[in-house]
Amino acid sequence: MNEVHRPILVFGATGRQGGSVAKALLKVHWPVRAFVQDPSEPVSIALQDAGAELVHGSLEDAHAIASSMKDAHGVFSVMPANLSAEDEVRYGTRVADLAVKSRVDHFIYSSGASAGDEPTGVPRFDAKPRIEAYIRELPLTATIIRPMIFMEMLVRPGFGLDEGRLVSLIHRNHSIQLTAVQDIGKIVTAMFVDKARFAGKTLKIASDRVTGRELEAVFSEAAGLPISYFRFPDEVLSSNADLAHMASSLQDGPLSERVDLDLMREINPELVSLRTWLMGVGREKLEEALCRKQA
């Protein structure tokens with residue numbers, strides 16, 4: 001374990017990515033300072049019970065953010081998914097600026113795998129590379145991660161699983177790279193532990209790579225019944241800018257760039273395959289999507 005025992009400030013600690021990071025840091029006995037909007041929420045109380053220090057504030061409150069960074073070794077920054085593009089850039093750059101002023105030793109920003117060299121024209125996708133570019137210009141020891149598509153996306157209601165189908169974004173013979181949220185925390189923790197190795201790096205991360213045919217087989221096995229895989233029809237993609245961009249990116253854009261899964265396993269030996277995730281952490285969501293359990 002790293003000799004540094006000053007806390008890591010975790011944004012989004014009651015959400016998926018921040019919650020995963022907080023849990024993984026606590027597991028290796030690194031002090032966690034969790035930035036939360038409502039300390040009375042059950043998820044906030046659970047964090048406190050697990051050993052995290054809660055700090056109350058909002059992304060609008062620069063003073064609260066600065067105070068929460070006092071004496072912190074590191075910061076994990078991830079922005080809420082429900083922000084407008086402009087608010088995401090405003091808050092994302094503000095957190096980075098305050099980390100500089102607070103002389104934080106290691107700043108890790110979670111961007112998105114859709115980030116690339118060219119604007120997409122989709123505001124919510126283009127906000128993240130704007131934040132990345134801003135961070136790179138700061139006098140700040142930073143690491144940027146770009147998680148690939150979350151496994152949870154495949155078990156959301158409305159994707160056909162209740163009808164024995166899985167509808168997604170790739171052709172049957174093409175592959176999609178997926179990330180188990182629990183792996184994000186373990187990878188980020190490894191990065192905080194080994195700052196020298198990861199400082200200044202931008203790294204796409206994923207847990208598994210599967211084709212459409214393999215999705216069909218894995219979901220059929222996990223569900224215990226035949227699941228047929230289909231790509232979204234062209235008319236559906238053409239009517240939804242977000243889905244259309246992701247489908248195109250998976251074919252020949254940033255989402256198609258191969259993640260080095262051997263490197264991922266080196267960083268996180270407990271890397272989770274889609275099959276393992278569906279049988280374990282994702283089991284409840286799968287059952288809900290199959291309509292075999294009351295929501």
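Contact is defined here as heavy atoms within 4.5 Å. Axes are lines fitted to C-alpha atoms, for helices over the stretch in contact, and angles run from 0 to 180 degrees between N-to-C directions. The model is predicted: local features need pLDDT of at least 70, side-chain atom pairs count only at pLDDT 80 or more, and totals for chains, interfaces and linings use all residues. Residues are numbered from 1 along each chain as its sequence is written, and side-chain values use heavy atoms, with hydrogens and water left out.

Helices (H or I, at least four residues) and strands (E, at least two) are DSSP runs numbered from the N terminus. Three strands form an open sheet in the order β7-β9-β11, with mixed pairing; two strands pair if DSSP finds at least two bridges between them. β7 and β11 (208-211) are the edge strands, each with a single partner, so one side of each has no neighbour in the sheet. Strand β9 (residues 175-179) runs antiparallel to β11 and is joined to β11 by four bridges. Within β11, V210 stands opposite I176. Helix α8 (residues 212-223) lies across β9 and β11, at about 100° to β11.

Pockets were located on a 1 Å grid over the protein atoms alone, with a 1.4 Å probe; a pocket is an open set of points with protein on both sides within 12 Å along at least five of seven lines, and lining residues have an atom within 4 Å of a point. A volume is the space filled by probe spheres set on the points. The largest pocket holds about 1,400 Å³. It is lined by 49 residues, and R16, Q17, M79, A81 and F150 are the closest to its centre. Helix α5 gives the most to this lining, with four residues. The lining of the largest pocket comprises 25 nonpolar, 13 polar and eleven charged residues.

The second largest pocket holds about 700 Å³. Its lining counts 27 residues, with S20, K23, A24, Q182 and K186 nearest the centre. Here α1 gives the most, with six residues. At least two residues each come from α1, α2 (42-49) and α6 (181-193).

Three aromatic pairs are present; rings of Phe, Tyr and Trp (its six-membered ring) pair if their centres lie within 6.5 Å, and planes under 30 degrees apart count as stacked, over 60 as edge-to-face and the rest as tilted. F11 and F35 form a tilted pair, 4.8 Å centre to centre with 40° between the planes. This pair links distant parts of the chain, 24 residues apart: F11 in the loop between β1 (8-10) and α1, F35 in strand β2.

Notes. Nonpolar A, V, L, I, M, F, W, Y, C, P; charged D, E, K, R; others polar.
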